[in-house]
Amino acid sequence: MTNRDNLQKVQTCMKIESTFGEIYKIFAARFPKEKSLWEGLAKEEDVHARMFLMCRGFQRAGIIPEMTPECITMIDETMELVRMVKEKALRGELSLDQALETAFSLEFTSVERYLSELVAKTNEGDLKKLFSTLLSDGRSHAQRIKDAMVRNGCLK
Ligand SMILES: [Fe+2]
């Protein structure tokens, strides 16, 4: 795995975050009942995308940790998932219940599958802080979506 491959994965992470943002903007327009939830999440995803953009500076300095093959597979799979969800959202194929459920599992997946590994493997202080923020924001997103699921009676 070269530095260049690593950089490409960081770019995929950035794309995942910005696609999350696009999905939430579609949901905000489609589900007025939970508009403020979706808009809040969308705004934060845009910040996350910019945070991965900042990672490129760290990348050039060679301090992004080498990612394991498992981590890379997870990043690629997550990208594929968010792309599919965006397509479904654009086609209006999801009900509010399904949108909440899908968003929850997407947030949960990205947090547990690759962000936790990035945090664990990074030693450089500023970068570790950046990944930790992404991780805790992802957990907070999952929690806020779960609260909305309860509000809307999707969770019994
Ligand atoms: Fe995010």
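Which residue just after α5 takes a positive phi? Gly-153 does, with a phi of about 70 degrees. This is a predicted model: local features need pLDDT of at least 70, side-chain atom pairs count only at pLDDT 80 or more, and totals for chains, interfaces and linings use all residues. Residues are numbered from 1 along each chain as its sequence is written. Helices are DSSP runs (H or I, at least four residues), numbered from the N terminus.

**Helices α3 and α4**
- The axes of α3 (residues 69-90) and α4 (residues 96-121) come within 9 Å. They cross at roughly 160 degrees, on a scale from 0 to 180 degrees between N-to-C directions.
- α3 is therefore roughly antiparallel to α4 (angles over 145 degrees count as such).
- Residues of α3, including Cys-71, Met-74 and Val-85, meet residues of α4, among them Thr-102, Leu-106 and Glu-117. Contact means C-beta atoms, placed from the backbone, within 7 Å.

**Helix α5**
- The 27 residues of α5 (residues 125-151) should span 39 Å at 1.5 Å a residue, counting one less than the number of residues. The end C-alpha atoms are 39 Å apart, which agrees.
- Among the buried residues of α5 are Leu-127, Phe-131, Gly-138 and His-141 (buried: 20 or more other C-beta atoms within 10 Å).

**Met-51**
- Met-51 lies in helix α2 (residues 35-60).
- Met-51 counts as partly exposed because it has 17 C-beta neighbours inside 10 Å, between the buried cut-off and the exposed one of 12 or fewer.
- Leaving out residues up to four places away in sequence, Met-51 touches Leu-130 and Leu-134.
- Glu-17 is 34 residues from Met-51 along the chain, and their C-alpha atoms are separated by 9.5 Å.

Note on methods
Helices (H or I, at least four residues) and strands (E, at least two) are DSSP runs, numbered from the N terminus. Angles under 35 degrees count as roughly parallel, over 145 as roughly antiparallel, 65 to 115 as roughly perpendicular and the rest as oblique. Two residues are in contact if their C-beta atoms, placed from the backbone, lie within 7 Å.
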